[in-house]
Amino acid sequence: MSDPQTVPVPGRIMAAEMAEQPAVLRRILDEGAPKIREVAAQIAARGPRFVLLTARGTSDNAALYAKYLIEILLGKPAGLTSMSTTTAYGAKPDLTDVLVVTVSQSGGSPDLVASTKAAREAGAVTLAVTNNAASPLAEVSEFHIDVLAGPEKALPATKTYTAELLALYLLVEGLRGGDGSAAEELPGLAAGVLARKAEVKALAERYRFAQRLVITSRGYGYPTAREAALKLMETTYIPATPFSGADLLHGPLAMVDNVSPVIAIVPDGRGGEALQPVLDRLRGRGADLVVVGQQAQVEAASAGFALPAGVPEEVQPILEILPLQLLAHEVTIARGQDPDAPRALAKVTETR
């Protein structure tokens with residue numbers, strides 16, 4: 001007979017890594033920020049004309065967040081790269097004076113390494129943002145930022161995602177000569193959000209038998225919608241489709257009815273204002289609408305999770321994702337599965 005103390009508890013590792021996030025955020029602010037400012041100053045001195053961001057999976061959602069930061073705060077055009085143009089088709093673009101930022105937890109995927117190496121050979125200023133300073137990606141890049149998240153053992157990435165968000169925010173702040181002060185309160189606020197696990201557990205009961213989910217947001221919240229959908233799909237196996245609120249109105253809204261579960265991330269700021277017409281249409285269709293956002297928006301929905309007020313919009317995504325990580329964890333356990341080890345997943349995905 002098995003000793004109960006030796007039987008693995010489903011989701012134990014993911015739960016522990018989610019709980020580490022306030023400490024990771026504080027570590028980045030205390031130990032990582034000076035290095036990030038130094039790297040940002042060196043890159044700014046090179047005067048890049050625009051920015052390309054390269055990533056896969058969870059890191060791709062962090063890169064999309066950086067795209068919003070770069071375009072809004074820096075006023076520079078930014079795009080997400082299609083790596084296959086280089087790795088599969090052998091394209092050789094002129095990347096002179098272009099900043100190429102490659103974001104990866106492991107820094108080990110061959111396509112990320114190959115495309116970054118090709119970008120550097122094409123004249124780009126290359127920066128790797130990883131959780132592994134000794135990775136192949138860090139080695140082929142001119143500059144490197146370590147997100148200082150520590151080893152991540154659960155297959156679903158949690159602490160490395162929020163670490164990437166904060167590191168990228170501090171990078172953009174450094175590029176524009178800002179002080180990054182908007183992030184100073186995040187560790188304490190994150191701890192407060194994570195402490196409300198009981199609220200999320202109650203929400204999880206809504207989705208235990210869900211067949212599909214729609215997740216929507218706008219502005220800085222859209223990368224959160226994409227990351228939340230990814231976490232829910234890879235842990236619960238529920239098809240979760242993320243939409244920009246604007247795109248949702250361009251046709252997919254037709255699939256939403258009075259039994260359709262919809263999660264809306266409603267930023268406190270311009271993104272939330274832009275999402276308001278979408279929320280009105282969803283309510284008009286009788287959707288089961290759960291809101292992650294400000295208290296007033298939660299009260300107007302079927303249910304939700306209220307986030308701390310007064311946080312600058314550009315750093316709200318670091319808090320927005322936390323209850324959604326908890327939700328993925330709780331729904332997975334409620335469905336009798338183990339979020340630590342989703343089927344068919346590997347920690348390092350080696351694409352080419």
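Glu20 forms a salt bridge (a side-chain nitrogen of Lys or Arg within 4 Å of a carboxyl oxygen of Asp or Glu) with Lys159, the closest N and O atoms being 2.8 Å apart. Because Glu20 lies in the loop between H1 and helix H2 (21-46) and Lys159 in helix H7 (residues 159-175), the pair ties together parts that are 139 residues apart in sequence; helices are DSSP runs of H or I with at least four residues, strands are runs of E with at least two, and both are numbered from the N terminus. The structure is a predicted model, in which local features need pLDDT of at least 70 and side-chain atom pairs count only at pLDDT 80 or more, whereas totals for chains, interfaces and linings use all residues. Residues are numbered from 1 along each chain as its sequence is written, and side-chain values use heavy atoms, with hydrogens and water left out.

Lys159 counts as buried at 1% relative accessibility, while Glu20 is partly exposed, with a relative accessible area of 31% (buried means under 20% relative accessible area, exposed over 50% and partly exposed in between, with a 1.4 Å probe and protein chains only). Glu17, placed in helix H1 (residues 12-19), is also buried yet has no salt bridge, and the nearest side chain of opposite charge, that of Lys159, is 4.9 Å away; here Lys and Arg count as positive and Asp and Glu as negative, with His and the chain ends not counted. Leaving aside neighbours within four places in sequence, Glu17 is in contact (heavy atoms within 4.5 Å) with residues including Pro151, Thr158 and Lys159.

A search of the whole structure finds 14 salt bridges. Among them, Lys197 and Glu330 meet through their side chains at 3.5 Å, N to O; since Lys197 lies in helix H9 (residues 197-204) and Glu330 in helix H14, this pair ties together parts that are 133 residues apart in sequence. Lys197 is partly exposed, with a relative accessible area of 35%, whereas Glu330 counts as buried at 7% relative accessibility.

Helix H14 (residues 316-334) also packs with helix H10 (residues 222-236), at an angle of about 15 degrees and with the axes 9 Å apart, which makes H10 roughly parallel to H14 (angles under 35 degrees count as roughly parallel). Axes are lines fitted to C-alpha atoms, for helices over the stretch in contact, and angles run from 0 to 180 degrees between N-to-C directions. Residues making the contact include Ala228 and Leu232 of H10 and Ile321 and Leu324 of H14.

Key:
Parallel < 35°, antiparallel > 145°, perpendicular 65-115°, else oblique.
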